[in-house]
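Good morning, and thank you for coming.

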Amino acid sequence: MADLPDLDLPIGGLRVVELSERGAAAYAGKLLRRLGADLVKIEPPEGDPLRRNGSRRHEADGRTTTAAFDFFNEGKTCEVVDDPARLRELVAEADAFILDLEPRRYEAWGLDADALAGLGCGVVCAITPFGLSGPYRDYRGPEIVTSAFGGSSVGIGAPGRPPLRMPLSQTAIQAGLVAAIAALGSSYEGDAHEDDERVDAEGARVVDISESDVWATVHTGTTVVSYLFSNRLRSRQGRRVLGQPYPHQLFRCSDGWIAIQASERHQHQLFIEMVGSPGWAAERRFGSRLDMNDRHADEVDAQLAPWFEARTRQQVFEECRARNIPAAPVRTVADVRADADLQAAGAFERFEGASGVELTLPAPPFRFAEAELAPPGPVPSPPEGS
Amino acid sequence: MLLQGVRVLDFGWVWAGAVPGQMLAFLGAEVIKVETRKRLDYMRQGRAIVKDAPDTEQQPMFHNINRGKLSLSIDFTTEAGRDLLLDLAAHCDVAIQNFAPGVLDRYGLGYEALRERRPDLVMLSLSGGGQQGPLRELRSYASTIAAFSGLDSLCGYPGEEPLGVQQSYPDPNASLHGAVAILAALIRRKRTGRGDHIDLSQLAAGMQTSAEAMAWLDLFGEVPGPLGNLPPNDEPLHDCFRCAGDDEWIAVAAEDEAQLAAVATLTGAPSDRRDTVRDALERWCAERDPRGAMDALQAVGVPAGAVTTARDRFEDPHYRARGAYVETEHPSIGWELVYRAPWIWPDEIPLANERAPLMGEHNEYVVCELLGRPREDLERLTAQQVLY
């Protein structure tokens, strides 16, 4: 703990060291820094690999960054480390050490995945694609691989065509969240401001965080037991989901798409009323709301097409809002950033990226009534000479 | 250890609201789920699996996302129900709720009311568009957050119109952000003795997942459309390939020329040209099952992963070895599998409940043990359908 933590920041003074090559530790570090942690980002002399690869690269005036690197690393303080002894020194002083090296990369840092407990900090959150144990522990796993193996890709795409990965860096975000939870949970117990200081003579607590497991548990885990009982497997259905009451899908309007999900009975009825209570909607052959979705959706969609195509996304959205039917237009990220309500709510913040470009990106999603967040800051430049 | 001794008053329901409390339960907290038959948690509803067993106890989805919790069944729209919950709040450290903004306040159970009974309470309020401002009234599900946050616009085949992510990803995404915020506030409370009220917008959490694409607007002056399996940059190979069997696929990424050459050698491609290797890999995959292809590609240093269905994950030796799914015995439906915590912790963290609770299973514990009320109260409140 630092001598005088800022008590307005939720975790002011908590010391966190981040070693990131694939984004996950960097997203955890971003959240913890904004919550008040004293964060040190360790980089090799050639820089975090995410500065060049793993996300779309941008180069300007001889400066390089990627979109994900900028988002994950705003405001951080970096220390360039090329000596494993210095890494150990930094980590030994920390409350939490979060790293996301693939197992094959441990040696380059003078680390041993099986001996992380000897590092002497409070907790080590070791993020890897497949975990620190099990037959695939040494396998490599960029986003497209963990998204597939974790069970997300199987549901994105059209029937008969290739499954699609989760876009961008979702694995990094989700594994980073889990690492942040683990680091905070561990630090809550070990926080030195109380008398119950943890006895840590045996060394650091090592939490094994597999990116594939993160997908396979809290995200897609519920589908496993559903399969065992209902024999139902999630599959690619284009713009809808099977096994849900109609509608649970996107509809084409005159100017784009709108998502509507009317899961509850009364919402379904309100939906049918909204589209003009057509006579066919009451026909027995459509069966239950679930049957309407799983067996007849194409036919129902065709019946509804003229109604939707006669309206804009915004018009349908407003009709849905007037009836409390959950709906939202499919917006591009430019639409989202132009949303005046979000702007007024302070949902965006500005900072300078590592290639010198001014960025306007979403602020962290949580607001505390009392505590404050640390402000955003410029993305650190790459180490000299990298 | 960890959160042992931390008690959570958990009004969270459906999916996004249920999982923050579960994360705290996985860390050892005692999480009391507050629910009622008067308005059943959507996740308790659905088709029965076992005839003659209570319908509310037969939803595997519910059993997954509420594992580890206790259940207090109580109608908080009654005065007696509200009073009991206010008494209970005095014994709790954390409260979680994801009703539409204003609902709990209307029943006298909002943050201010709870804080009167527990001045250092940490409370998470999660809603579609946050507790304040013009988006406060937004009614949302995960599917609408995916559309509204921009994520859906990025899912689909490149050059075509968007298909959307078509899974409830924005729910657990919001939950995990919520758990981070609660734990941070608990740490501050330990230092300052002060609680806090956290306002978490599910839309704002969803925008973290599309933020990287927003950076494209500034960096490249482009509005990205569906990204499909496109590589992040100029990686030579980055796609899903069809394998032998019915709708079986594998994701393969050759991230540099050395990996491309390894794919060429493995598949017998006549040259290292990208299109030649791609053709050879397509033919090679078509003759193999995804797991075998994954092993063979990874053995030569090429990132590859089977596109798994729920069945694949259930049967997979790696997930088995790591215990990603645990066997539990549920009183209503018997044996079932549920997911474990998203980490492997070095020392086992005891759960307050090894499975999801039955509706009202812990009414007696809460009323008689925690609140120290006489048994007659329990019986009377049950008869009056306050505990319901």
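This is a predicted model: local features need pLDDT of at least 70, side-chain atom pairs count only at pLDDT 80 or more; totals for chains, interfaces and linings use all residues.

The largest nonpolar core has 201 residues. By nonpolar core I mean a set of buried Ala, Val, Leu, Ile, Met, Phe, Trp, Tyr and Cys residues joined through C-beta atoms within 7 Å. A residue is buried if 20 or more other C-beta atoms lie within 10 Å of its own, exposed if 12 or fewer, and partly exposed in between, with C-beta atoms placed from the backbone. The residues with the most contacts inside this core are Cys125(A), Ala179(A), Ala183(A) and Leu24(B). Helix H5 of chain A, residues 170–190, gives the most to the core, with 12 residues. A second, separate core has 29 residues, including Phe149(A) and Val263(B).

Residues are numbered from 1 along each chain as its sequence is written, while chains are lettered from A and ligands numbered from 1 in the order in which they are written.

Let us turn to how the two chains meet. In total, 117 residues of chain B are in contact with 124 residues of chain A; contact requires C-beta atoms, placed from the backbone, within 7 Å. The side of chain B that touches chain A comprises 72 nonpolar, 28 polar and 17 charged residues. Here Ala, Val, Leu, Ile, Met, Phe, Trp, Tyr, Cys and Pro count as nonpolar, Asp, Glu, Lys and Arg as charged, and the others, Gly among them, as polar.

What does helix H7 of chain A pack against? Its buried residues, among them Val224(A) and Tyr227(A), pack against helices H2 and H12 and strands E10 and E11 of chain B. Helices (H or I, at least four residues) and strands (E, at least two) are DSSP runs, numbered from the N terminus. Just after H7(A), Asn231(A) takes a positive phi of about 65°.

Seven strands form an open sheet with mixed pairing, in the order E14(A)-E6(B)-E5(B)-E4(B)-E1(B)-E2(B)-E3(B). E14(A) and E3(B) stand at the edges with a single partner strand each, so one side of each is left without a neighbour in the sheet. E14(A) and E6(B) pair in the antiparallel sense over three bridges; two strands pair if DSSP finds at least two bridges between them. Arg367(A) has Asp199(B) as its bridge partner, and Phe368(A) has Ile198(B).

A hairpin in chain A comes next. Strands E12(A) and E13(A) pair in the antiparallel sense over five bridges, and Glu349(A) is bridged to Leu361(A). Five residues lie between the two strands, and Gly356(A) in the turn has a positive phi of about 90°.

Finally, the domains, whose bounds come from an automatic or database domain assignment. Chain A has domain 1 (15–220 + 348–362) and domain 2 (248–330), with C-alpha centres 41 Å apart. Chain B has domain 1 (7–208 + 322–383) and domain 2 (237–309), with 42 Å between their C-alpha centres.

Note on methods: Two residues are in contact if their C-beta atoms, placed from the backbone, lie within 7 Å.
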